[in-house]
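Student: I am new to this structure and would like a close look at a single part of it. Please take me through that part step by step.

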Amino acid sequence: MVKLNVIMVSFIVLVVACTCVPLLAVEENEPKKLWDQCVVKISPKCALGIISQVFGNGVVSIPCCHELVQEGKECHGTVIKYIADRPSLIGNELKYLKKRDELWAQCVSVSKAVSPA
């Protein structure tokens, strides 16, 4: 649980820092692009749930699955990859990317199952 809290706090600090000081990023425009095109499409509660499931042992709710699917696969993939590429997480990057893909498949399945025909 402590590790998950550190990851969530790190992510929040990273997003805030990179949007305020884009020179901290490897590619100057990448954090702003992620923020403008992806992160703002999903509620903070769902973003934390997604991070919790991919980088910890959390579970994403059905409403958050809907938000994730609406956000889009490219945004989901890019944001998770961006986080997983951090030096403190890179050792487990393949595990996180696998969990990212599993979460995407789960949410697409849930969204299809409950959406009207």
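How many residues does α6 have, and what distance does α6 reach from its first C-alpha to its last?

Tutor: This is a predicted model, and what follows is computed from it. Helix α6 has 22 residues and reaches 32 Å from its first C-alpha to its last, close to the 32 Å expected at 1.5 Å a residue.

Next comes the matter of which side faces inward. The buried residues of α6 are Glu 93, Tyr 96, Leu 97, Arg 100, Leu 103, Trp 104, Cys 107 and Ser 111. Seen down the axis of α6, these buried residues fall within an arc of 115 degrees, so they line one face of the helix.

Start with Glu 93, which is found in α6. Glu 93 has a relative accessible area of 13%, and it counts as buried because that value is under 20%. Leaving aside residues up to four places away in sequence, Glu 93 touches Lys 81, Ala 84 and Asp 85. Of these, Ala 84 is one of the buried residues of α5.

Further along the buried face is Leu 103. In the largest nonpolar core, which has 26 residues, Leu 103 is among those that touch the most other members, together with Ile 50, Val 54, Phe 55, Val 60 and Leu 68. The helices α3, α4, α5 and α6 each supply at least two residues of this core.

Now to the packing of α6 against α4. The two helices pack at an angle of about 105 degrees, with their axes 9 Å apart. That angle makes α4 roughly perpendicular to α6. From α4, the contact is made by Ile 62, Cys 65, His 66, Leu 68 and Val 69. From α6, the residues making it include Leu 103, Trp 104, Cys 107, Val 110 and Ser 111.

Apart from residues up to four places away in sequence, Val 110 touches Ile 62 and Cys 65. The C-alpha atoms of Val 110 and Ser 61 are separated by 9.9 Å, although the two residues are 49 residues apart along the chain.

Notes
Residues numbered from 1 in each chain as written. Predicted model: local features only at pLDDT ≥ 70, side-chain atom pairs only at ≥ 80, totals over all residues. Heavy atoms only, no water. Core = buried A, V, L, I, M, F, W, Y, C linked by side-chain atoms within 4.5 Å. Buried < 20%, exposed > 50% of the residue type's maximum accessible area, 1.4 Å probe, protein only. Helix = DSSP H or I, 4+ residues; strand = E, 2+ residues; numbered from the N terminus. Contact = heavy atoms within 4.5 Å. Expected span 1.5 Å × (residues − 1). Arc of directions from axis to C-beta. Axes fitted to C-alpha atoms, helices over the stretch in contact; angles between N-to-C directions. Parallel < 35°, antiparallel > 145°, perpendicular 65-115°, else oblique.
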